[in-house]
Amino acid sequence: MKKAPPAERARAFCSPLAKTLEQKQDKVRWEAFDRGLWDRLQNKMKPKAFETNDNGHTKGSGTVRIHILGSCSGTEPMPGRHHTAFAVERHGGLYWFDAGECCAYTAHVSGLDLRTIRRIVISHTHMDHIGGLPHLLWTVGKLNRRLGGMDGKTIRLHLPDLRAWDAVNALLSLTEFGSSPPFAIEPHLIEDGTVFEEDGLTVTALHTRHLAHREGEPWRAFGFTAEADGKKIVYTGDTAGYEDYAPLLDGCDVLLHETGHHHPADVARRLVAEGRAPGLLAFLHHGRDILDHPEEQKTLLSAIPGLRWRILGDGDVIDL
Ligand SMILES: [Zn+2]
């Protein structure tokens, strides 16, 4: 048999070695990525100076905690940020607001126990607010199969359009989630007024003009208040502006305001001018102003007297 030329023999010898080396490099890269993400989520990396002038004033009795699980608006994939989601933690239970991509992942690797979710509230059915919902419910099922604890429990799901639940349910039934998990998922339609009262936590809804609306038809986009232990959180949802959420602002400790459709400094100036600045103006659902020009936004916000503000990132926590 004719021997292969030396160069070819060398290549044949080296190629498996090169492949192993590549896999090792990939492993190192992934480990570094995981470490970075873990550090960030554990808040070991301090928020950048430009992201807040809050100075920790929101540290209160500690009975209510907000976990930011996704801080981005519906952009293309954005390094370091995922679409919008946050959870209010109280008395060992999680009350979820919006469910953008990867919210289950971010919460789990942050150390939250997804089996303690009591309710999930969706502001509207755009992908940056609901894209992570099937995966979130699937992950609860997965954790329950490994760890138990969900038998006989109910997760209540509040939606502005129940067709979204039909779609998510249909998708889940085609996955290994199965059609009959050991816990119940109970869908509820959101309308203006009380969404739920549970264990001293009251959540109310007020429609926004983010989605087109015709007379006589149900509203499909909402903002919310969440009140407990004398503290009040207002979440704008996606909003057409100040007039949408102004009726909710009395006694507001934290206003979670979207910036996907608004300039943060304009929002802040209006609130101050109206005498309605909240205890903390916390921005999330970021659009191009904050994603592309954070330093400029910091300068503008810092120039507004009497305003406490914070630009939120994934993994951030606010204690009330
Ligand atoms: Zn959005």
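The legends below describe an overview and several close-up views of one predicted model.

**Overview. The chain as a whole.** Residues are numbered from 1 along each chain as its sequence is written. Because the model is predicted, local features need pLDDT of at least 70 and side-chain atom pairs count only at pLDDT 80 or more, while totals for chains, interfaces and linings use all residues. The chain has nine helices and 14 strands, where helices (H or I, at least four residues) and strands (E, at least two) are DSSP runs numbered from the N terminus. Of its 320 residues, 40% are buried; a residue is buried if 20 or more other C-beta atoms, placed from the backbone, lie within 10 Å of its own, exposed if 12 or fewer, and partly exposed in between. Two residues are in contact if their C-beta atoms, placed from the backbone, lie within 7 Å, and among contacts between residues at least 6 apart in sequence, 68% join residues at least 24 apart.

**Close-up 1. Two loop residues with positive phi.** Most residues other than glycine have a negative phi. Aspartate 98, in the loop between β3 and α2 (103-109), has a positive phi of about 60°, and its 30 C-beta neighbours inside 10 Å make it count as buried.

**Close-up 2. Helix α4 and its surroundings.** Helix α4 (residues 133-147) has 15 residues and reaches 21 Å from its first C-alpha to its last, close to the 21 Å expected at 1.5 Å a residue, the expected span being 1.5 Å times one less than the number of residues. Its buried residues are Leu133, His135, Leu136, Leu137, Thr139, Val140 and Gly141, and what covers them includes α2, β4 (117-121), α3 (127-130), α5 (163-173) and β6 (184-189). After α4 comes glycine 148, whose phi is positive, near 70°.

**Close-up 3. Helices α7 and α9 side by side.** The axes of α7 (residues 264-273) and α9 (residues 294-302), which are lines fitted to C-alpha atoms over the stretch in contact, with angles running from 0 to 180 degrees between N-to-C directions, come within 9 Å and cross at roughly 10°. That makes α7 roughly parallel to α9, a term for angles under 35 degrees. In this pair, Pro264, Ala265 and Ala268 of α7 meet Gln297, Leu300 and Leu301 of α9.

Key:
Parallel < 35°, antiparallel > 145°, perpendicular 65-115°, else oblique.
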